[in-house]
Each structure stands twice: as structure tokens, then as C-alpha cells.
Amino acid sequence: MTPAAIGIDFGTTNSVVALADADGSVMTRSFATRQGAVDAYRSALMFWREGRPPETRVTHVSGPDALDMALGMTTEHRFLQSLKTHLSSRAFQETRLFGKLFRLEDLIGVFLNDLVAGLDGHDALPLVSGRPVVFAGERPDEELALGRLKASYAEAGMKQVDFAYEPLGAAYWYARDLGRPQTMLVADFGGGTSDFSVMRFEPGERGRLEAIPLSHAGVGVAGDTFDYRIIEHAVSPALGKGGEYRSFGKLLPVPAHYHAAFAQWHKLSLMKSRETMAELNALIREAVEPAKLEDLLTVIEYDLGYELYRAVSAAKVALSENETTTLSFSQMGVVIEKPIRRADFERWIAGDVGAIEAALDRALAEAGLAGDRIEAVFMTGGTSYVPAVRKLFDRRFGADKVHIGDAFRSVASGLALLALDRARASVAA
């Protein structure tokens, strides 16, 4: 296949590269792992230091290799994930990794460069990258986020990049085989955001249906948020949350900010600073239950974030299929065994599901359509498999209208088709 256009779905958790041929056929790029080839390239970086002074250097791996090393690395390292979540926040400007300064754009640029490494001519082909409708964060700065994303692609050698809402990419993919006009809702659930687009598909040129966007809405609540709820209720209490320490003869609560940061994947890897470690060691000396805070310190000191992520993610997936499961984590002497019921999990995420429904309502209101005017619902992303989320859409639109797309490939494949169409339109103009 000789690609004529590229679509990149740079995700909070996973990233996918899709290549479109001139005839409209699409394939996703495959990446080798120890377990076999995969289409989804994990959005993760691993940094460590090699050599002896004065010849030491900071080196890295990304994607599947970063995951493999995170599981087996015994020397000092830094494992970074969910970097996309920082894009809209001015709080993260730069960080030092083994004495070397990295801006957020540098880190994401390193990752994107690895994502397209070995792909001949990628810097000269039409490229469309996905972007969320609403960037993650409490007060997301869209201008900042887009500027950083463009700079990250430029750092990776891709200076000509267009952007499109991620649900638009999913809609393009869904509509490739659509044989009649249709009004549709696209729900794209990522790691950091849940995005919605109401689309109308009408006959267009070359016998294809053209996508006409009617509205877009989004919210910074998605798969990572559900992970946070599990950490908040099932993990953090075992690591000192809610505990007390002695200070000048008084019992005071352990400061909440340690566990607030700890419960977010994109912040966990940045807690490993000299100041944080010193503060925790001081707390441990005065804590009522020092062993719990010692376990928290171990998780941070030995960069056990990925191992913890796997345990939390496995529990979340298990609750999509079973009424009960047990979260099991055992690393470096830190052992957590916590039974979880689906009913409790759904209670923990009830407010988040409500925020998702509110964004859905905004999309329908902006389109000026009642729910019964939606003829089909196309859902993509791992969170679409969470029973509480699926129940929401079944209740609002009817189970017969709801279609689940490929959790990883739908968005990138549609973005590649969109890049192809935009390139053709530009030539025709």
C-alpha cells in the first residue's frame, strides 16, 4: 500500500496511526510487541539514565517498549503516561528528568516522533490529527492546548497538520458503508474526555455520503476518571488517605493533596521530586499508621504507577462483565487486595455519568433535535463498554439504535479518510 494521507488519533491512553490509499482503502499501522502485533500504540514514555559521569545520557523508549520496561525495570527510571491531559493546563510548563529539562511539547514531540518512526514520507503527506471537543482539565485553555499540540507535531517533524474533532473521525469511519441519508450521534470515549457530535449524512460527490456536522459537545470525564474513582475508594485508603499524624501534641489529617495527585495518572509520575519525598518521610515519622504512608512512598519512589494502573484497569474491565471482582496489587512489598462490587463502582461514578449525560444533552440542544430524531448512535472507545454508560444510551435512544465501533481504530481510520478528502478538495479548488 502506498499511503496518500495519514490520520493520527493521539490519545490519552492509546494512539493509532491510519493510512489511507488513493482509492479510499484504509489500514492501521501495526506495532510489534512481545505479545504480538498491535494497532494501538500505548501513549507512554519511559526515561532512564545510561553511562557513567561525565558520559551519562538520558535515553527513552515509548509505547509497548515503555510498558515492558516499566514491568521489569529495577534501576531508577521515570514512567510517564496520560501526557495529553496536561495540554490545556498552564500548571505544567516543564519538568526535569535526570537533570535534563523537558517542556510538555518536547515530551509529546518525542512520543509522536516514535509513533511515526520508519513511516516513509510521513512529513509530506496530508495529515489530520484528532482533537477532543473539550480538552481535559478543570478550566481547559483551548488556545493553549491547540498551540501546544501543533508545537508537539512540529517537534516530531510534522509541521503541516490539520485538526478535526475526534468524533468527526469516528463518523467518517462509520459512514463509509452507509447506504442512505441518516442523522446520527457519535459518542467518542477516550481516556481523558468524552466527546459527542450530531451529524447528518447526505448524498455527495463520488457516490459517497457527506458528513454535515450539526453540533459538538464534550466533557473532561472519561476512562481515566473512572480509574480515579477506583483509586479514591479502593486504593488510596490503603495508602494513608484519611489517616492522621501528630504535630505539636495534636492529631491532624494527612494533607489531601498527596492522594489527590496520586489518584491521577498524568500527575503520579511527576510526584517523584526531592521535596515530595522529604515531606512524606517527615509525615511517616509522625503518622498514626506509618506503614500505609510508607507504602505510598514506595509506589512513588519505585515508579510503580504502571503496575498500579494495570491492576485498576483490570478491575474496571472485570466489572463490565461481572457483578464483583477483586482489585489485586502486589509490588515491592506493597499488597492491596480489595473486593469491589459493580453496584459500588456505579455509585462512585454516578456523578461522572451524569456529567456525560449533560454533555450529551448539550449536543442535542445545539443541534435542535430531540432524542427521537436520532436514527443511529455510534459509540467508540473503551468506556462505551462500561455497563452504566451503555445503559444511559440504551435508555435515551433504544438499544436497537446503538452501535459499538472498534475501540481503537475507528477514529484514526476516519481521520485518514478526512485527510484524503481535504487534500482532494484543496487540489480541486
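**Pockets, buried helices and salt bridges in a predicted model**

Aspartate 421 is buried, with a relative accessible area of 14% (buried means under 20%, exposed over 50%, and partly exposed in between, using a 1.4 Å probe and protein chains only). This residue sits in helix α14 (residues 409–428); helices here are DSSP runs of H or I with at least four residues, strands are runs of E with at least two, and both are numbered from the N terminus. The side chain of aspartate 421 has a polar contact of 3.5 Å with the side chain of tyrosine 172. A polar contact is a pair of N or O atoms within 3.5 Å; within protein, one must be able to donate a hydrogen and the other to accept it, and residues adjacent in sequence count only if both atoms are side-chain atoms.

A quick word on the ground rules: this is a predicted model, in which local features need pLDDT of at least 70 and side-chain atom pairs count only at pLDDT 80 or more, while totals for chains, interfaces and linings use all residues. Residues are numbered from 1 along each chain as its sequence is written, and side-chain values use heavy atoms, with hydrogens and water left out. The average pLDDT of the protein is 89, and 95% of the residues score at least 70; pLDDT is the predictor's confidence in each residue, from 0 to 100. Where pLDDT is low, the predicted coordinates should not be read in detail.

Back to tyrosine 172, the partner of aspartate 421. Tyr172 is one of the buried residues of α4. That helix (residues 166–174) is mostly covered, with nine of its nine residues buried. Among them are Leu168, Trp173 and Tyr174.

The largest pocket holds about 1,100 Å³ of space. On a 1 Å grid over the protein atoms alone, a pocket is an open set of points with protein on both sides within 12 Å along at least five of seven lines, a cavity is a set where a 1.4 Å probe fits but cannot get out, and lining residues have an atom within 4 Å of a point. Grid points are joined across faces, edges and corners, and a volume is the space filled by probe spheres set on the points. The largest pocket is lined by 47 residues, and those closest to its centre are Thr13, Asn14, Arg42, Tyr309 and Phe408. Two or more lining residues come from each of β2 (14–20), α1 (63–72), β12 (182–189), α5 (223–235) and α10 (305–321). The biggest share is from α10, which gives eight residues. By type, this lining divides into 19 nonpolar, 17 polar and eleven charged residues (Ala, Val, Leu, Ile, Met, Phe, Trp, Tyr, Cys and Pro count as nonpolar, Asp, Glu, Lys and Arg as charged, and the others, Gly among them, as polar).

There are also two cavities of 30 Å³ or more. The second largest cavity has about 50 Å³ of space, and its lining includes Phe10, Thr12, Lys84 and Phe111. That lining splits into five nonpolar, four polar and one charged.

Now for the charges. Side chains of opposite charge can pair when their charged atoms come close. The structure holds 24 salt bridges, each being a side-chain nitrogen of Lys or Arg within 4 Å of a carboxyl oxygen of Asp or Glu. Aspartate 344 counts as buried, at 18% relative accessibility. Its side chain meets that of arginine 341 in a salt bridge (3.0 Å, N to O), and arginine 341 is partly exposed at 47%. Aspartate 344 also forms a salt bridge with arginine 347, where the closest N and O atoms are 3.1 Å apart. Arginine 347 is exposed, with a relative accessible area of 56%. Both residues of this second pair lie in helix α11 (residues 342–348), three residues apart, or about one turn of the helix.

Another salt bridge joins arginine 396 and glutamate 357, with 2.8 Å between the closest N and O atoms. Arginine 396 lies in helix α13 (residues 387–397) and glutamate 357 in helix α12 (residues 350–367), so the pair ties together parts that are 39 residues apart in sequence. Arginine 396 is partly exposed, at 25%.
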